[in-house]
Amino acid sequence: MKKMWAWVALALALALFGAWLFRYVFTDRDSQLSQPTRPAAHQTITLQWLDDCEYAQAEIDEALAQFGRENGVKVQAEHVSGNYDVLLKTRLNAGEIPDVWMNRAGDENGMFAQYAYDWAGDAALAQFDAADIAPCREGDAVVGLPGAREIYGLIYNKRLFAQAGIGQAPQTLTELKAACAALKAAGILPFCNAYKEARVLTNIAAQFHAPQQTLPGGSGLDTDALLAYLDLTLANGQPNPLETDWRAAAQAIAKGEAAMSYLGNWCETTIKRMDPYVNIGLEPLPVSESAQDARLRATPPAVWKLNASGEHLAQARALLLFFLTSEQGQALNQRIYGAPPADGAWQLGASGWPSAFGATCPEILQSYLDGSLSAQETAAALSASWADFAGDTIGR
């Protein structure tokens, strides 16, 4: 009998311990994270922030500084322009994990999930629509929060178009050729090409995706039309396009030195900072002789992540929610992208391109642009790296 009561007492003790542990791990965790303690006057908390938004550095730093002042923390932010994926992988593999960082939905999401805080069960998810959270899921885990998409297309200077007598932006490749001829006749450089930028070249290529059954070999990529477009921009663009980055192209548009460049909504703020009075437009890229095929390119949404093992997880969580959901954060994203983060109207279906294509496309196209590869060799190389593309496009 005594042995039986001893077992009963032990079972009761284990049950009480289990209840306490559940409360500590789940209830207290959420409470501690949602109500971070403001550091004492003698204490300095520094959060590390990493993104690929170099084009919006000033705006993001302004928001992070505001959060820091209001919460008694310091935010050290690094905004990368090129080779962000390589840098991020190197940092994470070396154990140098930022408190807050971003990657794109798709293959990258699962690749970095092991380092990320799981938002599943976090009360903050109630502020987001389920459709917006979907790209951030890995199985049952929610490994990040949704940010905005970048939109790519032809940015053009409306004053220069009017000066050349062009009434509307071109919608077909023939209209694009005619616009180039009219601009040249008016003494205006039609294109400034930012072909130093890997992401510019990859997104241009992605615009020439077509249904697999309509293309020889079923590659899904209309390489003939793609190379015809690149040839047109080279013949009507500035010298040394492989040495021109996005900022130089944006400056050419702002200063009226060129009429068009393939960029996106993400650099409109920069262009208008260069010239507050510039009149620019963002139009779908002509990719064929059908105006209906002209599209804007929407990238996979950004997925913002937290370092799950970070020393200051509560403060990092508060920072990210400030950036994505506060009135100030919403206004910031509106200024940069023309829409707040996780705007349901931006959720456009499957996203991304094959990871192999994204890694090899820029080098292939740059080799074509510098004459190292022939058109036939380029088409073969692109088709070989392409598989089942499911990218997003936005029609007119």
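**The core and its aromatic rings**

Begin by selecting Trp119, Tyr229, Leu230, Met260 and Leu263, the residues with the most contacts inside the largest nonpolar core, which has 113 residues. Such a core is a set of buried Ala, Val, Leu, Ile, Met, Phe, Trp, Tyr and Cys residues joined through side-chain atoms within 4.5 Å, where buried means under 20% relative accessible area, exposed over 50% and partly exposed in between, with a 1.4 Å probe and protein chains only.

This is a predicted model, in which local features need pLDDT of at least 70 and side-chain atom pairs count only at pLDDT 80 or more, while totals for chains, interfaces and linings use all residues. Residues are numbered from 1 along each chain as its sequence is written, and side-chain values use heavy atoms, with hydrogens and water left out.

Next, show leucine 263 with its contacts (heavy atoms within 4.5 Å); leaving aside neighbours within four places in sequence, these include Ile151, Tyr152, Trp246 and Ala250.

Then select tyrosine 156 and phenylalanine 161, an aromatic pair that is tilted, at 4.6 Å centre to centre and 50° between the planes. Rings of Phe, Tyr and Trp (its six-membered ring) pair if their centres lie within 6.5 Å, and planes under 30 degrees apart count as stacked, over 60 as edge-to-face and the rest as tilted. Tyrosine 156 counts as buried at 10% relative accessibility, and phenylalanine 161 is buried at 2%.

Move on to phenylalanine 208 and tyrosine 229, another tilted pair, 5.9 Å centre to centre with 40° between the planes.

Finish at the aromatic cluster formed by Tyr55, Tyr152, Trp246, Tyr262 and Trp266.
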